[in-house]
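Have a look at the sequence and the coordinates first.

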Amino acid sequence: MPATRLRTLVPVAAACLAVSALVALPARAATVRYEAENATNVQGAVEANHAGFSGTGFVNSVNAAGPYTEWTVNAPAAGTATLAIRYANGTGSARVADVSVNGTVVSAGRSFGATANWDTWATSTLTAALNRGDNKIRVTAASAGGNPNLDFLEATTADAPATEYQAEAATLTGASVATNHAGYTGAGFVDYVNAPGGSIEWSVNVAEAGSHTLTFRYANGTAAGRPMDVAVNGVTAVTGLAFPGTGSWDTWADVRATVTLNAGVNTVRATGTGAEGGPNVDRLSVSGAGGADGQAPTVPASPRVTGVSATGISLAWTDSTDNVGVTGYRVYEGTTVVATSPTASATVAGLAAGSTHTYTITAVDAAGNESGHSAAVTGTTTGGAGGPTADQLLAKVTTCAQISNGKYKTDSDVSSGTVAVCGKTGGVFWKGDLDIDCDGVRTAQCNENTDCCFQAETFCHTTSDTPLNAAQLPYVVVPSPSSIWDYRTKGIGCGTVVAVIYNGQVEYAVTGDTGPSGIIGEASYRTAADLGINPDPSNGGTDSGVTYIVFTGSGTKVAAIENHDQAVTLGRTLAQRFIDQN
């Protein structure tokens, strides 16, 4: 269990507007394929011994409840997405799994029916609400048979919606802001009083005059309609626009009206005309060929690797289109922009030799609208095979020049210390066990119920000053400074790269947390899972066989501690330097 943190927690009050709606706006659909072999797989192996799969393989889980495959799906806008899971099940009977989105199960005990054999693939399709940005989609085996073989997930999401105006930010007459019903977007919704004459008035800014579509998102929990008049710039444009019942006050629907707007700022007023006033109103969306540019470019197509070198990967793709014009492209590795380009090609430089990288591309227009992410494309630089092997690194740490003033215990209940910290050129190392650290962000894997000693904090924070996510980020815990050893004397700190070696595998992690001053040998849930060690904080870990090499010297820290791709890329370079120096 980590020691007392050295960070002071200061409560901060913040106002947050979050768009998270199941809304049918004029938008294009973008479908992106996410291969299972590139996902996070716990108790599952990538195989290629059956025909018909996509990509480089498929994932075969162990025959038990609990194994999972988790994809990171990027949605350009919040809304409903269609998720298509391609699988094979040659057992002759269904296999069941729970499908979750961002830690919440959206399809419990979902049946993946038998296919004719393991070479025959089928698709299981469902819909789910996604947040804007990255979403975690997980398929977890719910029975002893494990998951079916999983080939890929295809996510169909809507591009960014039209310009939106929240009702609670408008000018209100005879109406008030409320939050007592679920499903609204922004900071609340507007509730008309039960009398005619109440109104909501928005100031709407469009680039060009012309015909525009107004989309009102509303709820009406009564059986009777609640009509409203819609006025533009003080003149009634639509009389008695119908807002029928939606079944409940928690169920939201859309009503549209076409009006003419001037270029620049317009007022749009919705006035309840019935005896019960207007419906509850969540927001107004404005779109149209002559309106403000709220339309994102199309998703870049056909991304491909056009060249590689020892330090760079060159990419190209098919030009995107836009209603106004594409001004450039962004190349992402994970959630980090690693290159930008005004044309449909780019080179990502400064990479380690023999390192593998997976990229997606988005298009951007002059208004700042960004398209959805392209399909992923993977390339490997020349001059290596993904960095030094476990055996090559272990060959350099066969003897110990002890730098610690004594030895550490592996656990608090053992009688004496047995683990020394040893010095080498360009690094320090120790050999011992691996206990599971599950502190930081609360997740389905790491919380008060799964870990008796859970703390919602880590010594190191992300670049946005939030605790680390032990379930997602590979990191290592170092002992708090003491008379035995002070890691700071070697320049080690938050984000220093560590090579964790176990059972012939190398995991590149970062220094992310501190622990008791007399105990050593602890790493995050994700570190254990990636190394094939049981990551359960209640009964997981391993008693021996783990080597930790913490790289020292200049340039040993990542720029963003939460970016594992940076740790892998830098780790391979530092590992080769470590081998060359020893």
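Predicted model: local features only at pLDDT ≥ 70, side-chain atom pairs only at ≥ 80, totals over all residues.

Numbering starts from 1 along each chain as its sequence is written, and side-chain values use heavy atoms, with hydrogens and water left out.

**Overall picture**

The protein has three helices and 36 strands; both are DSSP runs numbered from the N terminus, with helices (H or I) of at least four residues and strands (E) of at least two. Its radius of gyration is 28 Å, close to the 25 Å from the globule rule for 582 residues, so the protein is as compact as a globular protein of that length. For the record, that radius is taken over C-alpha atoms, and the rule is 2.2 Å times the number of residues to the power 0.38. The C-alpha trace spans about 85 × 50 × 50 Å along its principal axes.

Of the 582 residues, 48% are buried. Here buried means under 20% relative accessible area, exposed means over 50%, and partly exposed is in between (1.4 Å probe, protein chains only). Among contacts (heavy atoms within 4.5 Å) with a separation of 6 or more, 75% come from residues 24 or more positions apart.

Two strands count as paired if DSSP finds at least two bridges between them.

Strand E28 covers residues 356–365, and eight of its 10 residues are buried. On one side, six antiparallel bridges join E28 to strand E25 (residues 326–333), where Tyr329 stands opposite Ala363 of E28. E28 also pairs with E29 over four bridges, again antiparallel. Thr358 has Thr378 of E29 as its bridge partner, and His357 has Gly379 of E29.

**Nonpolar cores**

In soluble globular proteins, nonpolar side chains tend to be buried together. A nonpolar core here is a set of buried Ala, Val, Leu, Ile, Met, Phe, Trp, Tyr and Cys residues joined through side-chain atoms within 4.5 Å. The largest core holds 60 residues, and the members that touch the most others are Leu393, Trp430, Leu434, Trp485, Val500, Ile549 and Phe551. Elements giving two or more residues to this core include helix H1 (390–394), strand E31 (427–437), strand E36 (542–551) and helix H3 (564–581).

What does Phe551 contact, leaving aside its neighbours within four places in sequence? Its partners include Gly426, Val497, Val498, Tyr508, Leu574 and Phe578. A second, separate core of 28 residues has Ala167, Val204, Tyr218 and Val232 among its members.

**Cysteines**

Searching the whole structure turns up three disulfides, each a pair of cysteine sulfur atoms within 2.5 Å. With bonded cysteines counted along the chain, the pattern is 1-2, 3-4, 5-6.

| Pair | S to S | S-S torsion |
|---|---|---|
| Cys400 and Cys422 | 2.0 Å | about -95° |
| Cys438 and Cys446 | 1.9 Å | -70° |
| Cys460 and Cys494 | 2.0 Å | -85° |

With its torsion of about -95°, the Cys400 and Cys422 disulfide is left-handed. Cys400 lies in the loop between H1 and strand E30 (422–424) and Cys422 in strand E30, so the pair ties together parts 22 residues apart in sequence. Cys400 is partly exposed at 42% relative accessible area, whereas Cys422 is buried at 5%.

The link of Cys438 and Cys446 is left-handed, and both of these cysteines are buried.

The link of Cys460 and Cys494 is left-handed too. Cys460 is in the loop between E31 and E32 and Cys494 in the loop between E32 and E33, 34 residues apart. Cys460 is buried at 2% relative accessible area, while Cys494 is partly exposed at 36%.
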